[in-house]
Amino acid sequence: MNYGLGGVKFGGTDCDIYWDPPYEERCDRFRAVVDKNRIDGAAYLRAENQYAKTACHEIGHTVGLAHYSEMVVPPEGADCMRDGLWADGELWTRTYNYHHIAHVDAWF
């Protein structure tokens with residue numbers, strides 16, 4: 001199934017099911033989607049690289065990671081949580097930097 005998100009988004013993550021009170025602000029089940037048409041239209045011949053970057057990015061949201069600006073490279077190095085179109089296939093586009101890994105390790 002293809003999800004058309006509209007605008008300039010390549011993917012999206014939303015909460016489908018929240019916990020019961022008293023934790024109703026916590027998400028129990030996320031829906032992470034990739035907009036195939038948007039990626040195919042923007043990434044040209046390197047769409048498979050943007051698919052990998054977008055999937056990594058959206059999965060990161062499901063475990064609590066946030067984006068950072070496409071103009072910023074953090075001291076820990078770039079990773080897939082960086083916003084924007086990055087269809088060059090470099091390793092950083094499909095992995096998490098040690099800062100984000102440390103957050104996930106601490107949370108889980």
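Helices (H or I, at least four residues) and strands (E, at least two) are DSSP runs, numbered from the N terminus. What I am showing is a predicted model, in which local features need pLDDT of at least 70 and side-chain atom pairs count only at pLDDT 80 or more, while totals for chains, interfaces and linings use all residues. Residues are numbered from 1 along each chain as its sequence is written, and side-chain values use heavy atoms, with hydrogens and water left out.

Let me start with helix H2, residues 47-62. At 1.5 Å a residue (times one less than the number of residues), its 16 residues should span 22 Å, and the end C-alpha atoms are 23 Å apart, which agrees. Just after H2, Gly64 takes a positive phi of about 105 degrees.

Next come the disulfides, that is, pairs of cysteine sulfur atoms within 2.5 Å, and by this rule there are two. Cys15 and Cys27 form one of them, with their sulfur atoms 2.1 Å apart; because Cys15 lies in strand S1 and Cys27 in strand S2, the pair ties together parts that are twelve residues apart in sequence. The other disulfide joins Cys56 to Cys80, at 2.0 Å from S to S, and this pair links Cys56 in helix H2 with Cys80 in the loop between H2 and helix H3, 24 residues apart. The link of Cys15 and Cys27 is right-handed, with 100 degrees about the S-S bond, whereas that of Cys56 and Cys80 is left-handed, with -60 degrees.

Where are these cysteines, buried (under 20% relative accessible area with a 1.4 Å probe, protein chains only) or exposed (over 50%)? Cys15 and Cys27 are both buried, and so are Cys56 and Cys80.
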